[in-house]
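Hello,

Here is the structure I promised to pass on. Please open it first, then read my notes below.

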Amino acid sequence: MSQPHPRTVVVLAAGEGKRMKSALPKVLHPLLGRTLLGHVLAAAAPLRADRTVVVVGHGAEQVRAHLDEIAPDATPVLQAQQLGTGHAVRIALDAAPNATGTVVVINGDVPLLRSETVAALVEAHEHAGTAATVLAAEVPDPTGLGRIVRDSAGRLERIVEERDATPDQRALREINAGIYAFDAARLREALGKLSTDNEQGEEYLTDVFRLLNDAGEPVAVHVAADYVETLGCNDRVELAALRRLLRDRVNEGWMRTGVSILDPQTTWIDVTVAVERDAVIDQNTQLRGATVVGAEAVVGPDVTLIDTVVGPAATVLRSHAVNAEVGAGASVGPYAYLRPAARLAEKSKVGTFVEVKNSELGAGAKVPHLSYVGDATIGAKANIGAATIFVNYDGVNKHHTTVGEAAFIGCDTSLIAPVEVGAGAYVAAGSAITQDVPPGALGVTRAPQRSIDGWVARKRAGTASAQAAERARQATEGASGGAATAREGEPPHGSAETAGPASGSGDTATE
């Protein structure tokens with residue numbers, strides 16, 4: 001849109017929000033990826049204002065810190081005493097003495113406001129050349145809101161706060177949305193004439209319209225197409241209602257772009273998330289922060305992704321991920337936990353009850369179940385057996401483990417970092433590996449197995465186990481003619497090598 005006039009945006013964010021009953025300033029309460037204040041600033045951003053002034057008061061330091069993060073170019077201005085909206089705007093303009101053209105004023109608690117609506121208000125105001133234009137909306141229940149009072153010709157006569165309204169005025173359903181466009185010079189002049197002659201004893205910004213009208217200056221009303229955009233919140237119940245409305249808006253938007261959301265009521269997607277066409281989002285799923293879901297990926301049910309990238313055609317099922325990457329065609333879950341810096345290459349797999357942190361899985365690598373992978377690099381096509389632990393912490397420092405391409409780690413193995421298992425190497429099930437395993441070698445640390453004959457009969461006499469063992473012994477003796485058994489304490493036949501993975505892969509790892 002064209003910008004014929006200089007512009008200044010003023011956001012009113014000084015209120016305490018007592019009914020929120022929170023140590024957090026009201027404007028900093030989160031709502032699907034942004035704070036209330038963040039949503040308002042995002043709605044105003046397309047105006048390309050010359051300056052943005054945010055009036056702060058309650059929790060000023062917290063609000064300033066938040067502005068440093070999300071809008072470092074905005075200027076915070078302190079309203080030490082909350083003496084009304086007119087007083088707040090006057091303080092804001094004192095901090096912008098060279099402001100000319102259009103001044104846009106927005107309450108800091110209207111998170112559903114669309115940038116298109118703000119732009120339409122400003123464009124109508126500048127095109128008509130009015131001294132002031134108020135955004136209005138017709139609402140089902142105007143309780144607690146300022147009313148738009150029109151004259152017999154339908155022109156704006158004044159804006160009346162509910163506390164000061166007559167019974168007839170309170171019956172009006174056209175309300176003031178708390179969003180305005182002013183001519184800067186005429187606004188400054190009117191602000192200097194405000195009084196505190198009202199029930200609250202405050203300087204009302206809305207009285208500017210009455211003063212301008214009385215002076216013969218043109219004022220106007222611009223009606224929002226959807227009153228929902230103008231809704232603010234004063235307590236946590238209203239905040240939850242806004243969250244649901246925004247959820248529905250976001251979900252509808254993604255579905256209209258070609259994303260399948262199977263249960264929109266249980267799917268919560270932050271406004272900062274990106275989802276590509278033909279992705280499928282199943283029920284009870286939260287996509288938060290800078291999360292990206294690729295085309296044809298399937299996410300859910302019961303998934304939470306925070307700042308996580310899911311590649312095309314990947315699957316994430318009943319899992320939780322934070323600052324992770326899931327490659328194209330990869331598979332995660334169910335019940336997996338991807339912690340920060342977990343990086344899964346294409347077609348890799350992290351399965352049931354697996355936790356991965358600060359580790360990379362190569363293409364086609366598998367960690368199917370019941371394992372912890374921390375500070376590790378796992379090569380392409382490597383297979384990590386169930387109950388494998390990457391022992392990365394010595395009590396003081398973290399250490400790295402490397403598993404080479406197509407290596408095979410047997411079940412119930414501990415890889416005690418720093419250690420490297422070479423490409424194509426095997427590790428026998430039940431091993432605790434403390435030294436490097438060369439490429440193509442077998443690493444094994446199991447002690448030889450001992451079977452102590454007759455132990456159950458001596459130590460667990462009378463138990464069901466002892467009775468079952470006796471029946472089995474009798475059956476064996478009857479079948480073999482009483483063949484002798486190994487004596488107590490004799491070593492078993494074979495060695496660790498013959499009892500290890502050479503005897504078959506099924507006892508060392510799982511798929």
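D214 is exposed, because its relative accessibility is 60%. This is a predicted model. D214 forms a salt bridge with R210, and the closest N and O atoms are 3.9 Å apart. Both residues lie in helix α7, four residues apart, about one turn of the helix. R210 counts as partly exposed, at 26% relative accessibility.

The search gave 21 salt bridges. Here are some of the others.

D375 pairs with K357, with the closest N and O atoms 2.6 Å apart. D375 has a relative accessible area of 7%, so it is buried. K357 is buried too, at 10% relative accessibility.

R155 forms a salt bridge with D151, the closest N and O atoms being 3.4 Å apart. R155 is exposed, with a relative accessible area of 55%. D151 is partly exposed at 23%. There is also a network of salt bridges, which links D183, R186 and E217.

Next, the aromatic rings. The whole structure holds five aromatic pairs. One of them is Y180 with F209: the ring centres are 5.8 Å apart and the planes meet at 45°, so the pair is tilted. Y180 sits in strand β10 (residues 174-183) and F209 in helix α7 (residues 207-214), 29 residues apart. F209 is buried at 0%. Together with F182, they form one aromatic cluster.

Two charged ends sit over rings. R247 has its charged end over the ring of W268, 4.7 Å from the centre. K398 has its charged end over the ring of Y393, 5.6 Å from the centre.

Now the sheet. Nine strands form an open sheet with parallel pairing, in the order β14-β17-β20-β23-β26-β28-β30-β33-β36. Its edge strands are β14 (274-275) and β36 (419-421), each pairing on one side only. Within the sheet, β30 (residues 376-378) and β33 (residues 401-403) run parallel and are joined by three bridges. A376 has T401 as its bridge partner in β33.

Last, an annotation. UniProt lists H369 under "active site", in an unreviewed entry. H369 lies in strand β29 (residues 366-374). At 22% relative accessibility, H369 counts as partly exposed.

Best wishes

Note on methods
Residues are numbered from 1 along each chain as its sequence is written. This is a predicted model: local features need pLDDT of at least 70, side-chain atom pairs count only at pLDDT 80 or more; totals for chains, interfaces and linings use all residues. Side-chain values use heavy atoms; hydrogens and water are left out. Two strands pair if DSSP finds at least two bridges between them. Helices (H or I, at least four residues) and strands (E, at least two) are DSSP runs, numbered from the N terminus. Rings of Phe, Tyr and Trp (its six-membered ring) pair if their centres lie within 6.5 Å; planes under 30 degrees apart count as stacked, over 60 as edge-to-face and the rest as tilted. Buried means under 20% relative accessible area, exposed over 50%, partly exposed in between (1.4 Å probe, protein chains only). A charge sits over a ring if NZ of Lys or CZ of Arg is within 6 Å of the ring centre and within 35 degrees of the ring normal. UniProt positions are given in the numbering used here, feature names are shortened, and annotations may be inferred rather than shown by experiment. A salt bridge is a side-chain nitrogen of Lys or Arg within 4 Å of a carboxyl oxygen of Asp or Glu.
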